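Dear colleague,

My notes on it follow directly after.

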Amino acid sequence: MISKSQENSLIKEALKVLKNSHSPHSGFKVGAAILSSTGKIYPGTNVEFDALTLTVCAERSALFGAVSGGDKKFTAIAVATSSNEFIYPCGLCRQALVEFNPKMEVILITKKKKIKSFILKDIIPNYFKLNRV
Ligand code: THU
């Protein structure tokens with residue numbers, strides 16, 4: 001469990017980076033902020049391209065930045081969108097995140113700043129694990 005103040009900082013950062021979303025195709029803004037066990041917060045946003053399949057989700061943008069920054073242990077991720085509904089991370093992002101920490105806390109934030117949180121593994125049971133031989 002992360003502290004209330006860490007949770008608040010994470011939510012604040014996800015809402016801040018939401019504004020940087022580059023989403024000229026969908027118009028759907030997503031902002032994410034991932035918290036490392038060292039207490040560092042890394043932001044990420046969705047980035048869309050004319051070559052549509054190059055699009056990267058906000059969650060993985062944040063994860064890539066965090067790993068590039070030298071962190072590998074993550075305790076929570078906050079995801080803010082421009083929707084009034086709670087929007088859950090896509091399957092690719094669930095798999096990418098769960099490989100780092102199945103117990104990661106996921107915090108969702110709607111446009112009207114409604115909050116919901118849960119444990120990542122609960123939305124990706126029986127996820128793929130490489131059975132190294
Ligand atoms: N998107 C995310 O950033 N995260 C998700 O978990 C699902 C979808 C983005 C990708 C694309 O830029 C836009 O939302 C619409 O699919």
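N126 is exposed in this predicted model, because its relative accessibility of 79% lies over the 50% cut-off. This residue is found in the segment after β5.

K113 sits in the loop between β4 and β5. With a relative accessible area of 55%, K113 is exposed. A further positive phi, near 105°, belongs to G70, which follows α2.

On the surface, K112 gathers with K111, K114 and K116 in a patch of positive charge.

I115 lies in strand β5. Its relative accessible area is 40%, so I115 counts as partly exposed, a class that runs between 20% and 50%. Setting aside residues up to four places away in sequence, I115 touches I11, F86, I107, L108 and I109. I115 and A80 are 35 residues apart in sequence, and their C-alpha atoms are 9.3 Å apart in space.

Next, the salt bridges. How many does a search of the whole structure find? The search finds one. K4 forms a salt bridge with E7, and the closest N and O atoms are 3.2 Å apart. Both K4 and E7 lie in helix α1, which covers residues 4–18; they are three residues apart, about one turn of the helix. Are these two residues buried or exposed? K4 is exposed, at 57% relative accessibility, whereas E7 is buried, with a relative accessible area of 12%.

In α2 (residues 58–68), the buried residues are A58, E59, R60, S61, A62, L63 and A66. Their cover includes the strands β1 (30–36), β2 (41–45) and β3 (74–81), together with helix α3 (91–98). In α3, C93, Q95, A96, L97 and V98 are buried. What covers these residues of α3 includes β1, α2 and β3.

L35 has a relative accessible area of 1% and is buried, because the cut-off is under 20%. Apart from its neighbours within four places in sequence, L35 is in contact with I2, Q6, L10, K40, I41, K73, F74, T75 and A76. L35 and K121 are 86 residues apart in sequence and 17 Å apart in space, C-alpha to C-alpha.

Yours sincerely,
A colleague

Methods:
Residues numbered from 1 in each chain as written. Predicted model: local features only at pLDDT ≥ 70, side-chain atom pairs only at ≥ 80, totals over all residues. Heavy atoms only, no water. Patch = residues over 30% accessible without salt bridge, like charges linked within 9 Å, V, L, I, M, F, W, Y side chains within 5 Å. Areas by Shrake-Rupley, 256 points an atom, 1.4 Å probe, with all protein chains shown as cover. Salt bridge = Lys/Arg side-chain N within 4 Å of Asp/Glu carboxyl O. Lys, Arg positive; Asp, Glu negative; His and termini not counted. Charge placed at Lys NZ, Arg CZ, Asp CG, Glu CD. Helix = DSSP H or I, 4+ residues; strand = E, 2+ residues; numbered from the N terminus. Buried < 20%, exposed > 50% of the residue type's maximum accessible area, 1.4 Å probe, protein only. Contact = heavy atoms within 4.5 Å.
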